[in-house]
Amino acid sequence: MRFLGNKSRMLQNIDSVLEVNNISGGVFCDLFAGSGAVGDYFKDRFSIIANDYLYCLSIINKAKLNQSSTPKFQDFNNQFGMDPFTYFNEKEYVADSQFFITNNYSPKGNRQYFSEKNAIKIDGIRIEIEELYKQLVLDVNERDYLLASLLESIMGVSNTTGTYEAFLKIWDKRALKDFVLNPIAINESEINGSNIVYNFDSNQLIRRISGDILYIDPPYTVTDYCSAYHLLESVAKYDYPNIYGKTGRRERTNDKSRYNRKELALKNLEDIFRQAEFKHILVSYSTQGLISIEELVSLCEKFALDRKVNVYKFPYREYKNIRSSKKGDNLNEVVIYFQKDLDIVRSPLNYTGSKYTLFNEIKKVLPKHISTFVDAMGGAFNVGINIVADKVIYNEFLPHTFNIISLLLSSEKEQIIKNVESIVNKYKLEKCNKEAYLKLRSDYNETKDVYKLFVLHMYCFQNQMRFNSKLEFNTPIGNCSYNETHRDRVYKFIPRSSECELLNLSYEQIDTSLFDKEVLFYFDPPYFITSATYNDGKRGFVGWSADEETKLLEYLTDLHNKGYRFILSNVIYHNDSCNYLLAEWIKTHNFSIKYIDNVGSKNSRNEVLISNFDWRDT
């Protein structure tokens, strides 16, 4: 198929990258599947997820991935006594007002994408395929196979240079040949597992799927594929769209490509890498693409395990059109491979209300690009530490919590472990050893040593950090203790972003004027309608009251009015209670809500993520 970016000539090179990196088996996702060459090639070894935003290409992918060989067309043969290709090629059609291609894309419609004779044949076959499907003469796989064959056969008689952005003023010899419906070629091999084909925006789909290998072959150039293949889209859908202009393009609403402009392409690829729940990621790109290979590799490194990225270059012949690169330039197709770091970093500080278990849900609503992520009520820092951004700011008002996180981020990991284990051994701390625990608690209240507070927190009741009016730690002993899990968390407690700043301020004291409009503020306050100890006002600090809730909501409104983006974690309903302040505020400003149902095992608590933006518009 003459399709921009077709990877038929690159298949063995892609395969070699998999082999070199010992990647085999599992679920292989072709996120920008195009004409389906990659999925078809690998369908005997992997379960394939294929996706393309163009409906016509999703049909071609279905034809290739949902069957291991050419369909038998048994019912069709029984009814007509011949195979459908012989039938359609022998049949003659008479055009009428329903023949959309003839009336719009042949000389009859004052355009010459096709000769009138060929346009009539295309219309007749397309209409009859659908009628036979509705009459149950064709099953869905047979219908898709015939439609895919029609789409590919059309390319052979199109009076164009390869795309449908314009037709030729002088008839090409190819376009004057009689149209013949030929069966589309597929890899005739056994299908390994179940395959599925989507027709979605890639950035939306990536939030819904997971697997082992993600293959990304995004558009490289300024060409808009929706415009380039508008005519094939109309044949596939046959939906009689409104068309406009000399070329008869489909009337468009929100389907403009976000990959044919460099800045947008980078943001959308960043979003795909962030959201991808796949261990292995391969990216096909061109050395003459909109994004330089160096920039693309740099982006990949932010999400790669140990920031390790491999680049493989292969010579490749460029498709030429009026916007192609200069003649004589060397073109290489590049396959970039990295293993994504899928681990979610968990804070060594066990903290009531921690968002560690909810991070993947929070991640789904993040904008496509984040310049600075401000974890404004950072707590144990389970959210901000996992964010990939140009910069992350951890802010925590409570000095005790702040001091522990600061220690964990600024000190050598080995030294932290050494000091913690020294305290555990010195005080002979054990689970439920009340006497040893009270001795440590007494010494901490005298010395205010942050290491002692950190160890106390490991052994105290439900890991609750409570203080009396004198700011003395007063939480009783619990049923927890220091263990290998704590050691592991300390070692892994490293921010995903290369730059991290720590602030010990009230959220209101953060100077918002320092940030650009691609900053994201994240707030995780105490939940007003819950009865957790961290918002009861008994820690030596002010509790979280209706006044505090109102003050925060007013602050967020001010951020919104200034053009800054925010996400707020909260609950609207808890058991039989409702946070009417929050509910009314959301309604008034028409903010977005993402529901995360049934958090917690004992109480009915429906967490929500409230944002003043839609990630799709970022």
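Guide: One term is needed at the start: a residue is called buried when its relative accessible area is under 20%, exposed when it is over 50%, and partly exposed in between. Please keep in mind as well that this is a predicted model.

Visitor: Is Cys-578 buried or exposed?

Guide: The cut-off for a buried residue is a relative accessible area under 20%. Because Cys-578 has a relative accessibility of 16%, the class it falls into is buried.

Visitor: How far from Cys-432 is the nearest cysteine sulfur?

Guide: The structure holds zero disulfides, and Cys-432 accordingly takes part in none. A disulfide requires two cysteine sulfur atoms within 2.5 Å, whereas the nearest cysteine sulfur to Cys-432 belongs to Cys-480, at a distance of 8.7 Å.

Visitor: Which residue in the turn between S14 and S15 has a positive phi?

Guide: Strand S14 spans residues 565-574, and nine of its 10 residues are buried. S14 pairs with strand S15, residues 577-578, in the antiparallel sense over two bridges, and His-574 has Ser-577 in S15 as its bridge partner. The two strands form a hairpin with two residues between them, and the turn residue with a positive phi, of about 55°, is Asn-575.

Visitor: Which residue in S14 stands opposite Tyr-522?

Guide: S13 and S14 run parallel and are joined by four bridges. Within S14, the residue that stands opposite Tyr-522 is Ile-567.

Visitor: Which element gives the most residues to the largest nonpolar core?

Guide: The largest nonpolar core has 54 residues, and Phe-373, Val-420 and Phe-473 are those with the most contacts inside it. Among the elements that give two or more residues to this core are helix H14 (359-364), helix H16 (413-426) and strand S13 (520-523). The element that gives the most, with seven residues, is H18.

Visitor: How many residues does the other core have?

Guide: This other core lies apart from the largest one, and among its residues are Tyr-87, Tyr-93, Ile-101 and Ile-184. Its number of residues is 50.

Visitor: What is the relative accessible area of Leu-147?

Guide: Leu-147 lies in helix H8, residues 140-155, and it touches residues including Ile-59, Arg-126 and Val-235. Leu-147 is classed as buried because its relative accessible area is 0%.

Notes. Residues are numbered from 1 along each chain as its sequence is written. This is a predicted model: local features need pLDDT of at least 70, side-chain atom pairs count only at pLDDT 80 or more; totals for chains, interfaces and linings use all residues. Side-chain values use heavy atoms; hydrogens and water are left out. A nonpolar core is a set of buried Ala, Val, Leu, Ile, Met, Phe, Trp, Tyr and Cys residues joined through side-chain atoms within 4.5 Å. Buried means under 20% relative accessible area, exposed over 50%, partly exposed in between (1.4 Å probe, protein chains only). Contact means heavy atoms within 4.5 Å. Two strands pair if DSSP finds at least two bridges between them. Lists of a residue's contacts leave out its neighbours within four places in sequence.
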